[in-house]
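Here's a quick tour for anyone meeting this structure for the first time. Take a look at it, then read on.

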Amino acid sequence: MASFFHVNDAPFNRDGRVNQIKNFIMALAFEYKCELMKLASLLRPKQGGQIEVEAMEQANLLIKNAKLVDDRQQYDADMLILDGRIELINTQIDAADWPNIKVIDAKGLWLMPGGIDVHTHFNIDVGIAQSVDDFFTGTRAAACGGTTMVVDHMGFGPKGCNLHYQLEQYKQHAQSRAVIDYSFHGVIQHIDADILAEMRSMVEQEGISSFKLYLTYGYKLDDSEVFQAVSELKKVGALTTVHPENDAAIVQIRQQLEAKGQISPRYLGVSRPLECEAEAIARMINLAKLAGDAPLYIVHLSNGLGLDYVRLAQHNGQQVWAETCPQYLVLDDSCYEREDVLKFTLSPPLRPQAEQAKLWQGLIDGSIDTVATDHCSFSYQQQKQLGKDDFKACPNGLPGVETRMPLLFSEGVMQGRISPSRFVELTSTMPAKLFGLYPQKGCLQIGSDADLVLFDPQFKQTISHDLLHDNTDYSPFEDIAVTGWPAITISRGRIVAENGKFKGQAGQGQFIYRKKFQAPVSGDNQYQ
């Protein structure tokens, strides 16, 4: 009987006997490898008597009867994982050929690349408060939500610090805490000759191939500094990401609101109108163009006017990509009329409901490239209450790293807005391509890391913070009913979450050195 399997991601038809021989040879090789590992482990036992082979064996799985979904196609197949990587994809892999490997019967489940969230803020100090999720609780929540990699936006360091300073601080935060793999975006809080010269070593030696700059907040860059930064980042092979809001306009609007006594949390949205964001997006696009068409990535896009500027640039062939977040797709500014308004304080703020349809259209037509979270969590009962009388005193940010995948799947795939493959592209494949992780991450290719999620497309759940695994005390998505939920999350071949229970370990995640930025080739985004 003919069968189907992948070698180097290319399909081949082979006689079943050849497949049987191939599997037999692979089984022999695996058994030989296990014996070598067992022998080596006798010489170096772990604390508590555990030997190294145990960790190795946990990174081997056989997943049977799954529907595989990547950014291009869907098909029924089995998958063999060895040493934490995808080893074989075949319509039928006989479990009897692999007697020492854990078998997962994935009937009824969709097997997809694990989510990659390229916008989190773990362990961040915003001056008035420290976020409650560190790299353990934050990545624990991510894993339970089907995410297997994060690229965290580092917070600001001391005034005048160099680029490496914050990187070393964050590596210390994460290395013994993260339960899934991780990397960081560089953060640029001032520009001088030393900072510009330091960018190359961050990219080439440290594997930090994206950097964030801000057009608002205390360490905002002016146009001259932005131009210098994006010019140099292009030269060294890095992608510029930007928080775009017009700071001068925001300051003036705040002063006007203060003069009227309108400083309660309900006025947060009014204080940062969508035009402030859209103007800054347009300005960044033009500055990037002037800097030799430097690649540009817009974070947390929240409105249609800003998307129009992105579309115009993309239509003109400019290297511009955009990210949005679930909160802008399912929540709106009516939340600022609620008694628990402080649960929804973030920047950019929630927008009028009419903006949601515009963002969904961007996801449908391909002008928005990724969906991330901007997860930045503070406790509602304590930290958020700092702003109960004055929104300026409230630490901005929402939790959401665990609910990203279910919300987008339910509202996107199950509502018929996007295909399952588009879901994979938005949550995993395009983030991997833009941020130097592909094809190690973000795909179902032979040799790629076995970062996977088995998703139950029919599982119905009502979101409640009691079900979640972050360290805050609420969810802004409380009581939203979703269809589709992650059943099992696998990080480099190890099960880290299963049926709502966390099964990973602190320190299991690895720092990933990211490649220099390369723009996805023309045609990679099939929706544009």
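This is a predicted model: local features need pLDDT of at least 70, side-chain atom pairs count only at pLDDT 80 or more; totals for chains, interfaces and linings use all residues.

What follows covers a pocket and some salt bridges.

What is the lining made of? It splits into 13 nonpolar, 11 polar and seven charged residues. Helix α7 (247-259) gives the largest share, four residues, and β11 (210-214) is another element that supplies at least two.

## Salt bridges across the chain

The whole structure has 29 salt bridges. One of them joins Arg85 and Asp449, at 3.9 Å from N to O. Arg85 belongs to strand β5 (85-90), while Asp449 is in the loop between α14 and β16, so this pair ties together parts that are 364 residues apart in sequence. Arg85 is partly exposed, at 45% relative accessible area, but Asp449 is buried, at 5%. Both also belong to a salt-bridge network with Asp181, Lys441, Asp451 and Arg492.

## Two more pairs

Glu204 and Lys516 meet in a salt bridge too, at 3.2 Å from N to O. Glu204 is in helix α5 and Lys516 in the segment after β19, 312 residues apart. Glu204 is partly exposed at 36%, and Lys516 is partly exposed at 40%.

Then there's Asp134 with Arg177, whose closest N and O atoms are 2.8 Å apart. Each of these residues lies in a loop, and the pair ties together parts 43 residues apart in sequence. Asp134 counts as buried at 18% relative accessibility, whereas Arg177 is partly exposed at 31%.

Technical notes: Residues are numbered from 1 along each chain as its sequence is written. Side-chain values use heavy atoms; hydrogens and water are left out. Ala, Val, Leu, Ile, Met, Phe, Trp, Tyr, Cys and Pro count as nonpolar, Asp, Glu, Lys and Arg as charged, and the others, Gly among them, as polar. A salt bridge is a side-chain nitrogen of Lys or Arg within 4 Å of a carboxyl oxygen of Asp or Glu. Buried means under 20% relative accessible area, exposed over 50%, partly exposed in between (1.4 Å probe, protein chains only).
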